[in-house]
Amino acid sequence: MKPRIYITRKLPEQIIDGLCKNYDVRMWNQEDIPVPREVLEEEMKEVEGLLCLLTEQIDESLIDKAANLKIIANMAVGHNNIDVISATKRGIMVTNTPGVLTETTADLTFGLLLATARRLMEAEDYLKSGKWETWSPMQLTGQDVYGATMGIIGLGRIGEALAKRAKGFDMNLVYFNRSRKYEQEKELGIEYQPLEKLLQISDFVCVMLPLTPETAYMIGKEQLELMKESAVLINTARGGIIDEKALYKALKNREIWAAGLDVFEEEPIPVDHPLLTLPNVVTLPHIGSASIATRLKMATLAVQNLMEGLAGDTPRNLVVVNKSK
Ligand code: NAP
Ligand code: GLV
């Protein structure tokens, strides 16, 4: 009997063709609806390999249902949706898809920064709703990006790719990271600063961390109070790194100037969420890595990891407990 694999979302046929030769592949057949928890629980009982998305919470109780499971391959670089410690304790490998999405996510992050700083969404709405009657001196004025200071919190793969883009805009670069990045400091002219100082001096604060117990709510009321009134906060990492209630208050009271958010504490963010009522927030539905080419590369890499793990090899992107890479 072929080993059973479950894929939690419909993937293009060319991606899973190779798998079907050697494995009994079952797949949730909808593209835009996540697999219901009870279906996943049932499937877990039989599977040796699971390919999942960041929309599935692979927690301890789900892992416990999977007596034959050898590997969980996440189609994302972030793996905060998986209880890696519980999986590892049971000898189950966890993999992610780093690298292939770095440039695409950095592009989107810089795009979101520009859209927020220069009020692009508001401006389009102004035009389309018929409010544009004349050109006027201070109409829809925003913040300059060129020459401003960008503070990057988390100078990993995407943080570094973002810094490279910022250099092209003649921005001054500072960063905070748990480990110093001496090579990048030299190559990019980026300066290390403690978190508090970074928040005080940056015109743009970009969060590029993984969500872990250490980074959860790393940006809360206290940290927002340190930021400039003219500052823009950009988060394309994970919603749980920022305390959204504190962010709402800071934006509403104009303690900071604006925020650009691709990620939220709850996804999808409820449409009646207070943050969505503010004019100085630009929101996107978690599309950081959403280019056609990159999503296909992520799916391909997740499949490669799955096959390597099931063949008894160490998969190329094995997530090691207590390391966020
Ligand atoms: P990465 O290369 O692992 O970079 C993460 C960086 O954060 C590393 O430099 C790491 O430091 C640092 N870090 C980790 N914990 C920290 C802490 N407690 N304090 C300070 N610094 C800490 O990851 P990446 O590929 O750049 O991705 C970053 C995150 O972006 C992912 O985890 C994911 O959640 C998010 N993401 C979102 C999208 C989207 O669609 N919006 C797309 C891709 C990724 P060390 O070097 O010391 O480990
Ligand atoms: C997307 O958010 C990812 O972590 O790949």
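**Reading burial, ligand contacts and overall form**

Mentor: Phe 176 has a relative accessibility of 16% and therefore counts as buried. Buried means under 20% relative accessible area, exposed over 50%, and partly exposed in between, with a 1.4 Å probe and protein chains only. The model is predicted: local features need pLDDT of at least 70, side-chain atom pairs count only at pLDDT 80 or more, and totals for chains, interfaces and linings use all residues. Residues are numbered from 1 along each chain as its sequence is written, ligands are numbered from 1 in the order in which they are written, and side-chain values use heavy atoms, with hydrogens and water left out.

Trainee: In which strand does Phe 176 lie, and which residues does Phe 176 touch?

Mentor: Strands (E, at least two residues) and helices (H or I, at least four) are DSSP runs, numbered from the N terminus. Phe 176 belongs to strand β7, residues 172-176. A contact means heavy atoms within 4.5 Å. Leaving aside residues up to four places away in sequence, the contacts of Phe 176 include Ile 152, Leu 155, Tyr 192, Pro 194 and Met 218.

Trainee: How many residues surround ligand 1?

Mentor: A residue is near a molecule if one of its heavy atoms lies within 4 Å of it. For ligand 1 there are 30 such residues, and the closest are Asn 177, Arg 178, Ser 179, Lys 181 and Thr 236. This shell divides into 11 nonpolar, 12 polar and seven charged residues. Here Ala, Val, Leu, Ile, Met, Phe, Trp, Tyr, Cys and Pro count as nonpolar, Asp, Glu, Lys and Arg as charged, and the others, Gly among them, as polar.

Trainee: Which side-chain and backbone atoms lie at what distances from oxygen atoms of ligand 1?

Mentor: An N or O atom in the side chain of Ser 179 is 2.6 Å from an oxygen atom of ligand 1. For a polar side-chain atom of Arg 238 the distance to a ligand oxygen is 3.3 Å, and for a backbone N or O atom of Gly 288 it is 3.2 Å. The protein covers 94% of the 940 Å² of accessible area that ligand 1 has on its own, by the Shrake-Rupley method with a 1.4 Å probe.

Trainee: How many helices and strands does the protein have, and what is its radius of gyration?

Mentor: The protein has 12 helices and 12 strands. Its radius of gyration is 21 Å, close to the 20 Å that the globule rule gives for 325 residues, so the protein is as compact as a globular protein of that length. The radius is taken over C-alpha atoms, and the rule is 2.2 Å times the number of residues to the power 0.38. Of the 325 residues, 49% count as buried.

Notes: A polar contact is a pair of N or O atoms within 3.5 Å; within protein, one must be able to donate a hydrogen and the other to accept it, and residues adjacent in sequence count only if both atoms are side-chain atoms.
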